[in-house]
Amino acid sequence: MANREALRELQSRLASRLQAARTEGVQAGWLAVEAAGRKYLFPLSQAGEIFPYAPTQIVPYTQDWFLGVATLRGGLYGVVDLASYVSGQPPVQRSDAGRAESRLVALNQLLDLNCTLLIDRLAGLRNTDAFVSSGGAPEGSPDYFGSGYTDASGAYWQEINLQSLSQQPQFLSISA
């Protein structure tokens, strides 16, 4: 029970900080997330609302990474397993504890796509001062990969340009 309350408190603080960052006009800010053990950064200006994991209604004849649709706050959203989409591997089944930590991150409404990305864990907000080095996207990486960043502990964080992702033909073609 304490874990649930701590998780709710973290999500509430994160939502407050995200809103404050948007209103204060932070130039370089990201929502830090983890998916399948990899660390990603979503630009704050391209990320939308964060939802708790919600069961999806499966849509037949779609790609493995497209988990289906979910009703969130009265709207119908497609749900994409981020780790599966990036890796090209089938989605991993999550335990009950894993689903409790999972979140659905909606794309910003300005991107005009009712879609959420399933991630395993929120890791907070990051700014450029949280990293000790940066570089371009790794060679051969997808077009939607932005710069890569290394934090003080040596962890590598890959920026994902959600606007570019939302315009990828593969991302828009969910049919199998």
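Residue D151 is found in strand 10, which covers residues 145–151; helices (H or I, at least four residues) and strands (E, at least two) are DSSP runs numbered from the N terminus. The model is predicted, so local features need pLDDT of at least 70 and side-chain atom pairs count only at pLDDT 80 or more, while totals for chains, interfaces and linings use all residues. Residues are numbered from 1 along each chain as its sequence is written, and side-chain values use heavy atoms, with hydrogens and water left out.

D151 is buried yet has no salt bridge, and the nearest side chain of opposite charge, R126, is 5.7 Å away. Here, buried means under 20% relative accessible area, exposed means over 50%, and partly exposed lies in between (1.4 Å probe, protein chains only). Lys and Arg count as positive and Asp and Glu as negative, whereas His and the chain ends are not counted. A salt bridge is a side-chain nitrogen of Lys or Arg within 4 Å of a carboxyl oxygen of Asp or Glu.

Side chains of opposite charge can pair when their charged atoms come close. One of these bridges joins E34 and K39 (3.1 Å, N to O). E34 counts as buried at 15% relative accessibility, and K39 as partly exposed at 23%. Together with R121, E34 and K39 are linked in a network of salt bridges.

Another bridge brings together E49 and R73 (2.4 Å, N to O). E49 lies in strand 3 (residues 47–52) and R73 in the loop between strand 4 (66–72) and strand 5 (75–81), so the pair ties together parts 24 residues apart in sequence. E49 is partly exposed at 33% relative accessible area, while R73 is exposed at 73%.

D120 and R94 also meet in a salt bridge (2.9 Å, N to O). This pair links distant parts of the chain, 26 residues apart: D120 is in the loop between strand 7 (115–119) and strand 8 (121–127), and R94 is in the loop between helix 2 (82–87) and helix 3.

As for the whole protein chain, there are 5 helices and 11 strands, and buried residues make up 43% of its 176 residues.
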